[in-house]
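User: I have a new structure to get to know and would like a guided look at it. Please start with the terms, and then I'll ask about one feature at a time.

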Amino acid sequence: MKFLNAEPFRIKVVEPIKKSTRAEREKWIEEAYYNVFKLRAENVYIDMLTDSGTTAMSSNQWAGMMRGDESYAGAKSFFTFEKAAQDILGFPYVQPTHQGRAADFIMSQLYAKNGGYIPGNLHFDSFKGHAELAGSIPIDLIIEEGRTANTIEHPFKGNMDVEKLQAIIDEKGKENIPLIIMTVTCNGNGGQPVSMANIREVSAIAKKYEIPFMIDAARFAENCYFIKKREAGYENKTVKEISLEMFSYADGCVMSSKKDGMVNIGGFICTRHEELVPMINLLAIVNEGFITYGGQSGRDLEALAIGLDEGTEEDYLEYRIEQVKYLGDELHKKGIPIIKPTGGHGVYIDAKKFYPHIPQSEFPGQALVVELYKTGGVRGVELGSCAFSKKDPETGEIHYPELDLVRLSISRRVYTNRHMDVVVNSLADVYERRDEMKGLRLTYEGPILSLRHFTAKFELV
């Protein structure tokens with residue numbers, strides 16, 4: 001007899017969410033300048049803006065928080081966290097920060113402040129901002145299968161194109177490439193995983209030219225689970241064994257703990273190079289606080305130590321990946337264009353195919369995000385014309401990204417599949433009316449183009 005799989009937990013505490021009318025939501029989104037980042041969270045029915053910091057923590061994590069040592073220096077909680085990170089990631093030196101962006105800042109100060117080009121598969125937006133502020137130029141080198149929102153069932157659409165990486169090194173010179181970054185899973189194209197073989201190849205190139213190689217590890221556990229399920233030779237390895245091998249190919253990592261760390265706040269940077277530790281510590285002291293708390297409380301560090309372990313449990317990861325797949329499969333049945341296969345933390349809708357009549361200059365992804373909120377109270381996020389456009393520094397011409405996506409992130413251990421059904425029905429309704437929809441006009445973008453989606457203001461066309 002086969003037993004049905006269910007969530008590997010039972011619900012102990014619940015948080016009420018409120019319903020609203022379409023008229024109310026139309027008023028609220030207009031007051032927010034048609035930017036869902038400006039909405040009050042209490043006015044959102046199902047929140048899929050991000051999976052960052054939205055995890056429901058476990059009973060063990062809440063119990064662990066009561067053990068938090070709030071000593072300013074040398075707190076016991078730091079050493080608990082440090083050991084957990086060392087055991088799972090394998091790096092000897094670990095510096096906590098208040099969240100992942102702070103770890104990105106430290107990484108940018110270590111590697112990006114003297115200019116040059118920084119290749120990656122698809123850079124995360126916060127590091128792009130730090131790199132640009134530091135004077136470096138991030139370059140995306142995702143493989144062709146991951147570059148467009150096609151339906152090719154490639155198992156590792158997050159892979160970096162190693163031939164293009166070699167070409168960049170040949171063209172720019174290794175002395176002008178201070179860093180190579182691999183983001184796992186690849187957030188910018190659907191939470192798509194990176195294969196161990198690709199990480200190994202990129203690492204070999206980095207070592208050949210003596211270029212530092214870092215991993216953005218926000219969703220490392222999900223990536224390791226995909227390796228276990230999709231890459232030959234790893235089916236009998238544990239997620240933790242795969243994690244240790246994956247990070248063994250890198251010089252260090254940065255992590256937003258708010259994803260696979262299973263906590264609501266926190267981040268860290270790791271390295272295997274002792275000579276970098278004094279500068280990392282110094283940057284933490286002047287920006288985060290003392291070394292052993294790094295902008296976090298002791299209770300946060302205790303919860304993170306437990307969360308790193310829970311986030312690599314295979315029963316949990318199976319449930320996590322399968323819930324994302326469930327949402328994707330149901331949307332696909334409705335004919336809604338999504339990136340396939342589904343990734344680790346959410347479903348990504350191809351806004352250009354959803355609204356082919358809306359040009360990228362009128363932000364089809366943002367238009368879809370707005371209409372989804374009006375229709376069902378569901379908050380997603382645009383990752384396309386607003387978030388990832390670039391401006392020519394000489395001509396001022398805007399270059400739009402090939403991918404114009406709407407991400408529906410699923411918070412960890414928060415929503416049931418009945419919530420996913422509400423999302424499916426809401427999107428199906430929007431899709432039926434897609435020919436009636438119009439785009440948006442940008443009225444404010446802020447000083448940094450790569451971060452404008454957080455603060456942008458729009459009006460209806």
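Analyst: A residue is called buried when its relative accessible area is under 20%, exposed when it is over 50%, and partly exposed in between, using a 1.4 Å probe and protein chains only. Helices (H or I, at least four residues) and strands (E, at least two) are DSSP runs, numbered from the N terminus. The model is predicted: local features need pLDDT of at least 70, side-chain atom pairs count only at pLDDT 80 or more, and totals for chains, interfaces and linings use all residues. Residues are numbered from 1 along each chain as its sequence is written, and side-chain values use heavy atoms, with hydrogens and water left out.

User: How many of the eleven residues of helix α9 are buried?

Analyst: The buried residues of α9 are F220, A221, E222, N223, C224, Y225, F226, I227 and K228. Among the elements that cover them are α3 (76-89), α8 (196-208), α10 (239-248), β7 (252-256), α12 (298-310) and α13. Helix α9 (residues 220-230) is largely enclosed by the rest of the structure because its buried residues number nine of the eleven.

User: Which residues have the most contacts inside the largest nonpolar core?

Analyst: In soluble globular proteins, nonpolar side chains tend to be buried together. A nonpolar core here is a set of buried Ala, Val, Leu, Ile, Met, Phe, Trp, Tyr and Cys residues joined through side-chain atoms within 4.5 Å. The largest one holds 61 residues, and those with the most contacts inside it are F81, I215 and F220.

User: Leaving aside neighbours within four places in sequence, what is I215 in contact with?

Analyst: Contact means heavy atoms within 4.5 Å. With neighbours within four places in sequence left out, the partners of I215 are M182, V184, M246, F247, A250, G252, C253 and V254.

User: How many residues does the second, separate core have?

Analyst: This core includes I29, A387, L405 and L427. Its residue count is 52.

User: Which side chain makes a polar contact with the side chain of H345?

Analyst: H345 sits in the loop between α13 (314-333) and β9 (346-350). With 0% relative accessibility, H345 counts as buried. A polar contact is a pair of N or O atoms within 3.5 Å; within protein, one must be able to donate a hydrogen and the other to accept it, and residues adjacent in sequence count only if both atoms are side-chain atoms. At 3.4 Å, the partner of the H345 side chain is that of R219.

User: Which element gives the largest share of the lining of the largest pocket?

Analyst: On a 1 Å grid over the protein atoms alone, a pocket is an open set of points with protein on both sides within 12 Å along at least five of seven lines, a cavity is a set of points where a 1.4 Å probe fits but cannot get out, and lining residues have an atom within 4 Å of a point. The largest pocket has about 1,500 Å³ of space, taken as the space filled by probe spheres set on the points, which are joined across faces, edges and corners. Of its 40 lining residues, V13, A56, M57, R413 and V414 lie nearest the centre. The largest share, three residues, comes from α2.

User: What is the relative accessible area of R413?

Analyst: R413 belongs to the loop between β14 (405-409) and α16 (417-432). Its phi is positive, about 60 degrees, although R413 is not a glycine. R413 counts as buried because its relative accessible area is 16%.

User: Which element gives the largest share of the lining of the second largest pocket?

Analyst: This pocket has about 800 Å³ of space. Its lining has 27 residues, with K128, D140, F388, S389 and K390 nearest the centre. Four residues, the largest share, come from β4.

User: What is the volume of the largest cavity?

Analyst: There is one cavity of 30 Å³ or more. The residues lining the largest cavity are N35, V36, F37, Q366, V381, E382, C386 and H453. Its volume is about 40 Å³.

User: Is V381 buried or exposed, and with what relative accessible area?

Analyst: V381 lies in strand β11 (residues 381-383). Setting aside neighbours within four places in sequence, V381 is in contact with F37, L49, V369, L405, V406 and R407. V381 is buried, with a relative accessible area of 3%.
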